[in-house]
Amino acid sequence: MKIKIIKQILLWVIIPLIIIFGVVIFYDRAYAWISLCVAISGCIPFFLTYEKRQGNTIKLVILAVLIALSVAGRFIFSFLPHFKPVTAIVVLTGIYMGYEAGFVCGAFTALISNFIFGQGPWTPFQMFIWGLIGCLAGLLNKFLLKNFVLLLVFGAVAGVLFSCFMDIWTTFWYDGTFNMGRYLANIITALPVTVSYAVSNLIFLLILAKPFGKKLERLKIKYGV
Amino acid sequence: MENRKISGFNTLHPAVLFTYFVSVVIVAMFCTNPVMLFLALIGGVSFFGVMKGAKLFFQDLCFYILMAVFIAIINPLFSHNGVTPLFFMNGNPVTLEAILYGVDIALMLVGVIYWCKCYSEVMTTDKFLFLFGKAVPKLSLVLSAALRFIPLFRRKLKEIRSVQSSLGLYEKKGMINRVTAELKVFSSLITWSLENSVDTGASMKARGYGLKGRTHFSVFTFRKRDLGYLICIIVLVGIVILGMSMGISDFKFYPEISEFNFGLKQIAVYISFGILSFIPFLSELWEVIMWKYSASKI
């Protein structure tokens, strides 16, 4: 109940106030300010929901393991640039552990890997976008579990969306307004990265999805999680 | 990690440090006034230099100067605002305002990146967890468990790799073989870690994790010195934000560059922000001087 009230106050009073305040002070960079506020405040309701709902210690630890695996995956495949299992694991977490867990997995992977690779103004955006990918996968889990091709398509699209969203932030930050020319230029220069994101998501989902499901199933049978 | 020194600013209370970094980074990130951006940049760079030593500092600086020049050159290609065209390229004007705005953006970007690097150095994960652990205990458990698992998994990964390579996994050369081999290793890491984690979770549950009345261990205490710093930071940020909201430090690039104003009010805002961005550097410097002074008395 308390969390619910805090959430409502946050959503309807504090966040709009912060945004208006920032627009007044940072008039020239209002868009960048708003997008940063949205990214940060967008994460909060998901975190609070997870905090409230999750009571099972074992599930908490499993989520921690999944986050650590997706960060560790960045080290394993470091010999291939941008070829990372992160999104695949976030998507699978969302599907098998619920949408809140998917969001937390995505957001925390971004946060922790930036503790290692360097924090920056991009951290809230990565947190929000990866979180949203996990959350979406969790919400669509019925379709994605039934249709394997759809899962692969979801992975590839998630890779492309991730890149496009990060470019929106870059554009706002540079220009203060949405400069279409710069946005397109950003997308084009990031094209190789985007393609390798999409391809790596596809490959990892293709190979990991089924064994991953089996492994979690096995945990359920063996330990009754 | 290995060249992290014990220093004056590092040992402040995490709440003070977090307030400080958030306020400086936000002002540096969203204001367009070149004077303030320059102050922020110099403050951040000098703090980083004091913390990391000269060698690493110059290596980094060269890279960022190149990046800044690149950003400044690129900006006029996308932005044709401004009233002073210098020349035309492909029928589009390249304006003085756009170039100067590019320089401004470059100042901001490099400044913010340096502040973020300082943040990463100073706000280590234990401080971060201490700050947010009480508000979201379950999530902070997930975060700290994940942080602990990463080195564990990397060690386990080495084991799996060496076992598999003795079984002949890595013999075939070529990129595709390498990727499939690593995937196999990754898959067995997933299995091992999931099984292992359930044991951890069950053991935590058996010891009563999540029951009421649990206390946290922390090494951080809020001292008088922290209070002093906190008041100082809040007053300075207050002056800066008040100044910005009254439009004192407004600076426009488009369509025409505003003139620099150095009235009494502007100078007050600049000085407050200058002091704010030099707090860490000055406190490090103070420590060094005090150390030299007390060493000379022995």
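This tour moves through the two chains of a predicted model, naming what to select at each stop.

**Before starting**

Local features in this predicted model need pLDDT of at least 70, side-chain atom pairs count only at pLDDT 80 or more, and totals for chains, interfaces and linings use all residues. Residues are numbered from 1 along each chain as its sequence is written, chains are lettered from A and ligands numbered from 1 in the order in which they are written, and side-chain values use heavy atoms, with hydrogens and water left out.

**Stop 1: chain A**

Select chain A and colour it by secondary structure. The chain holds 10 helices and 0 strands; helices (H or I, at least four residues) and strands (E, at least two) are DSSP runs, numbered from the N terminus. Its radius of gyration is 18 Å, close to the 17 Å that the globule rule gives for 225 residues, so chain A is as compact as a globular protein of that length. This radius is taken over C-alpha atoms, and the globule rule is 2.2 Å times the number of residues to the power 0.38. Along its principal axes, the C-alpha trace of chain A spans about 60 × 45 × 35 Å.

Next, show the surface of chain A. Of the 225 residues in chain A, 57% are buried, where buried means under 20% relative accessible area, exposed over 50%, and partly exposed in between (1.4 Å probe, protein chains only). Among contacts in chain A between residues at least 6 apart in sequence, 70% join residues at least 24 apart; a contact means heavy atoms within 4.5 Å.

**Stop 2: chain B as a whole**

Now select chain B. Its secondary structure comes to 9 helices and 2 strands, arranged along the sequence as α-α-α-β-β-α-α-α-α-α-α. The radius of gyration of chain B is 26 Å, well over the 19 Å that the globule rule gives for 298 residues, so this chain is more spread out than a compact globule. Its C-alpha atoms fill a box of roughly 70 × 60 × 45 Å, taken along the principal axes.

Buried residues account for 46% of the 298 residues in chain B. The accessible surface comes to about 16100 Å², with 68% belonging to carbon and sulfur atoms.

**Stop 3: the hairpin of chain B**

Zoom to residues 85-89 and 92-95 of chain B, which are strands β1 and β2. These strands pair in the antiparallel sense over 4 bridges; two strands pair if DSSP finds at least two bridges between them. Select F87(B) to find its bridge partner V94(B) in β2(B), then F88(B), which stands opposite P93(B). The hairpin has 2 residues between the strands, and N90(B) takes a positive phi near 50 degrees.

**Stop 4: I113(B) in helix α4**

Move on to I113(B), which is placed in helix α4 of chain B. This residue is buried, with a relative accessible area of 11%. Apart from neighbours within four places in sequence, I113(B) is in contact with Y64(B) and M67(B). Select V25(B) as well: its C-alpha atom is separated from that of I113(B) by 9.2 Å, although the two are 88 residues apart along the chain.

**Stop 5: helix α5 of chain B**

Select residues 125-133 of chain B, helix α5, whose buried residues are K127(B), F128(B), L129(B), F130(B) and G133(B). They pack against α5 (99-117) of chain A, together with α1 (14-30), α4 (96-122) and α6 (137-166) of chain B.

**Stop 6: S193(B) in helix α7**

Finish at S193(B), in helix α7 (residues 175-206) of chain B. Is this residue buried or exposed? S193(B) is buried, with a relative accessible area of 1%. Leaving aside neighbours within four places in sequence, S193(B) is in contact with V65(A), L69(A) and F153(B). L152(B) is 41 residues from S193(B) in sequence and 9.5 Å from it in space, C-alpha to C-alpha.

Terms used:
Accessible areas come from the Shrake-Rupley method with a 1.4 Å probe; for residues, only the protein chains shown count as cover.
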